[in-house]
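Thanks for coming. I will take a few minutes on one model, and I will start with a single pair of residues.

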Amino acid sequence: MQGKIIKGISGFYYIHAAGSGIYECKAKGVFRNQNIKPLVGDNVEIAVLDEEHKKGNIEKILPRENELIRPAVANIDLALIIFAAAKPQPNFNLLDRFLVMMEYQNVPVAICFNKTDLVTEEELHAFADIYAACGYRTLYASAKEEKGVDALLELLKGKTAAVAGPSGVGKSSLVNRLQPNITMQTGEVSRKIERGRHTTRHSEIIPIGGDTYIMDTPGFSTLYIPGMEKEDLKGFYPEFRKWEPYCRFQGCNHISEPDCGVRQGLEEGSISLLRYENYKLLYEELKAVRKYKNK
């Protein structure tokens, strides 16, 4: 039987098999011997040992489409990044960190601005259009007024999406609005995996349809990109690519080099000053990290 790992705690893995329920499984010793750890999001084959009590063993981990570093999860089709349009004001530096992290890990991204009921249309588009112009799918919602929920559900259909965002943006309220037609199986998930000895905060997948999952990822709020060098950063700003052929020097980092195509795009208004200033801040951070390591 095939299923998806929706939570893993203390050596137990909870497998959602569409149409069959949730199975509590242990991983076979062969995985430990090969230094392979099952991850939340893994698609697996299981052997059912006790159908009545829904117990089994993980026999095989199917090939992964991708694997995130932090949180340690697999097979993410989409990162849904949720920020508030107001209260709190969007932290664009943090938003750009999220985007760089997902670009680095080759995970498609959509940005959802929640609490749109708190701003005017003009105020919303003043910053949201910056990201749409960079090629990011940008959606607008109000969990309070239940606006934009249908568009989000359509976007998520058939996908496993990791939901990310800082505290206070209404992420939980919006995620709750995405579960109106939740099946009894999800109630079964709650009963089965939130028992006393297993109650803790880990990455967890919530099934919201037969093949649609939302991944709740506690702690998914900071940038962590091991191995990235400052020279790599420019490759994760998609709006730079159009202008880089106009740089005089190959390998231009778009900071202080003369005849820089990206800075030309900035001067012409085709590249956002907000995004560029965040790029420079992240560049200096990566530069400082390397300097520290080389001491």
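Start at Gly 21 in strand S3, which is the bridge partner of Ala 17. Before going on, the ground rules. This is a predicted model, so to speak of local features I need a pLDDT of at least 70, side-chain atom pairs count only at pLDDT 80 or more, and totals for chains, interfaces and linings use all residues. Residues are numbered from 1 along each chain as its sequence is written, and side-chain values use heavy atoms, with hydrogens and water left out.

Helices (H or I, at least four residues) and strands (E, at least two) are DSSP runs, numbered from the N terminus. Two strands pair if DSSP finds at least two bridges between them.

Back to that pair. Strand S2, residues 12-17, and S3 are antiparallel partners over 6 bridges. Their hairpin has 3 residues between the strands, and Gly 19 there takes a positive phi near 85°.

S1, residues 2-9, and S4, residues 43-50, pair in the antiparallel sense over 3 bridges, and Lys 4 stands opposite Asn 43 in S4.

Now the chain as a whole. The protein chain has 8 helices and 11 strands, and 50% of its 295 residues are buried. Of the contacts (heavy atoms within 4.5 Å) with a separation of 6 or more, 67% are between residues 24 or more positions apart.

Next, helix H2, residues 92-104. Its 13 residues should span 18 Å at 1.5 Å a residue, and its end C-alpha atoms are 18 Å apart, which agrees; the expected span is 1.5 Å times one less than the number of residues. In H2, 11 of the 13 residues are buried, so the helix is largely enclosed by the rest of the structure. Among them are Asp 96 and Arg 97. At the start of the helix, a side-chain oxygen of Asn 91 reaches to within 3.2 Å of the backbone nitrogen of Asn 93. Just after H2, Asn 106 takes a positive phi of about 60°.

Buried or exposed: which is Asn 114? Buried, because its relative accessibility is 2%. Asn 114 is in strand S7, residues 109-114, and its side chain reaches the backbone oxygen of Gly 170 at 3.4 Å. Leaving aside neighbours within four places in sequence, its contacts include Phe 83, Ser 142 and Leu 174.

Tyr 246 is exposed, with a relative accessible area of 54%. Tyr 246 is found in the loop between strand S11 (212-216) and helix H7 (261-267).

Methods:
Buried means under 20% relative accessible area, exposed over 50%, partly exposed in between (1.4 Å probe, protein chains only). A polar contact is a pair of N or O atoms within 3.5 Å; within protein, one must be able to donate a hydrogen and the other to accept it, and residues adjacent in sequence count only if both atoms are side-chain atoms.
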